[in-house]
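Please examine the sequence and the three-dimensional structure shown below.

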Amino acid sequence: MENKHKLGILLFGALFGAILTSGVWYYVNHEHTTQQASKTAVVQSTNAKTKELQKIIDRLEKENSQLKKGTSETPLLDLDNSATRLFQLYYNYDQSKTTNKERQRKGVALADTLVLEQLFPLSADGMKSDFGFIKSQMNDCQIYVAAQNGAQYEALAVVNYTTQAGSLEPSGMRYVWKVKYDGDKKLITEATEMGKLSTGLNSSE
């Protein structure tokens, strides 16, 4: 009777161990599958967003090619000039030499205070990445007008730039921004990152 009792305990222990092992395996495998699915979903979502942004840019490029040919409209020229200069100020940057306080001061003729505080936060002064100070260089900037309501304009800016952290190899990116421009104030009143179009560009592209 005692042997049967011991055998029952052993069988129960083996069965419980098998169930526990199976449960752990399922949990680990489920978590791995879930993580992989999550990563895949993020990549697919990013790719879809990139394709949609590219479609919008392609459409605006066709519309703006006619608009910019020999245009003498001062608001459009001012918008193009202000946005390009603002992104030069944003991307032409050596963190070891330039402070955001200086950049805010240089940008007062280009954008309103809220935009300057958003792009050049004073809290970032003195900070650096784990790899060292950040350097950045804008290679190209294209402005595409998307909408107009009186003196208020909305445009997309496509910026190619190269960035480097410390001694790491430089890497290139192509980013899209949405900007709003007040033609009466001659200032950019909003600048919002829309996402990246591509990476891996070098400084000559």
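## Confidence of the model

This model is predicted, and its chain has an average pLDDT of 76. A score of at least 70 is reached by 68% of the residues. Among the elements of the chain, helix α4 has the highest mean pLDDT, 97, while helix α1 (residues 2–68) has the lowest, 55.

Two segments call for particular caution. Over residues 24–28 the pLDDT stays under 50, and the model has zero contacts beyond four places in sequence for them. Residues 200–205 also stay under 50, but for these the model has 13 contacts beyond four places in sequence. Where pLDDT is low, the predicted coordinates should not be read in detail.

Is strand β3 largely enclosed or exposed? Ten of its 14 residues (residues 152–165) are buried, so the strand is largely enclosed by the rest of the structure.

Strand β3 pairs with strand β2 (residues 134–149) in the antiparallel sense, over 14 bridges. Within this pairing, glutamine 137 has threonine 162 of β3 as its bridge partner. The two strands form a hairpin with two residues between them, and glycine 150 in the turn has a positive phi of about 65 degrees.

Strand β3 is also joined to strand β4 (residues 171–182), by twelve bridges, and these two strands run antiparallel. Here asparagine 160 stands opposite arginine 174 in β4. β3 and β4 form a hairpin as well, with five residues between them; in its turn, glycine 166 has a positive phi of about 55 degrees.

In soluble globular proteins, nonpolar side chains tend to be buried together. In this model the largest nonpolar core has 28 residues, of which Leu86, Phe87, Tyr91, Val159, Trp177 and Ile188 touch the most other members. At least two residues of this core come from each of α2 (74–91), α4 (113–119), β2, β3, β4 and β5 (187–199). Helix α2 gives the most, with seven residues.

Tyrosine 91 illustrates the packing. Not counting residues up to four places away in sequence, tyrosine 91 touches Arg103, Ser136, Gln137, Met138, Val159, Tyr161, Tyr175 and Trp177. A second, separate core consists of eight residues, including Ile57, Leu60, Leu156 and Leu197.

## A buried glutamine

Glutamine 104 is found in helix α3 (residues 100–106). Is this residue buried or exposed? The relative accessible area of glutamine 104 is 17%, so the residue is buried, the cut-off being under 20%. Leaving aside neighbours within four places in sequence, glutamine 104 is in contact with Leu116, Glu117, Phe120 and Leu122.

## The salt bridge

How many salt bridges does the structure hold? The structure holds one. It is formed by the side chains of lysine 180 and glutamate 190, at 3.6 Å from N to O. Lysine 180 lies in strand β4 and glutamate 190 in strand β5, so the pair ties together parts that are ten residues apart in sequence.

Definitions and conventions: Residues are numbered from 1 along each chain as its sequence is written. This is a predicted model: local features need pLDDT of at least 70, side-chain atom pairs count only at pLDDT 80 or more; totals for chains, interfaces and linings use all residues. Side-chain values use heavy atoms; hydrogens and water are left out. Buried means under 20% relative accessible area, exposed over 50%, partly exposed in between (1.4 Å probe, protein chains only). Helices (H or I, at least four residues) and strands (E, at least two) are DSSP runs, numbered from the N terminus. Two strands pair if DSSP finds at least two bridges between them. Contact means heavy atoms within 4.5 Å. A nonpolar core is a set of buried Ala, Val, Leu, Ile, Met, Phe, Trp, Tyr and Cys residues joined through side-chain atoms within 4.5 Å. pLDDT is the predictor's confidence in each residue, from 0 to 100. A salt bridge is a side-chain nitrogen of Lys or Arg within 4 Å of a carboxyl oxygen of Asp or Glu.
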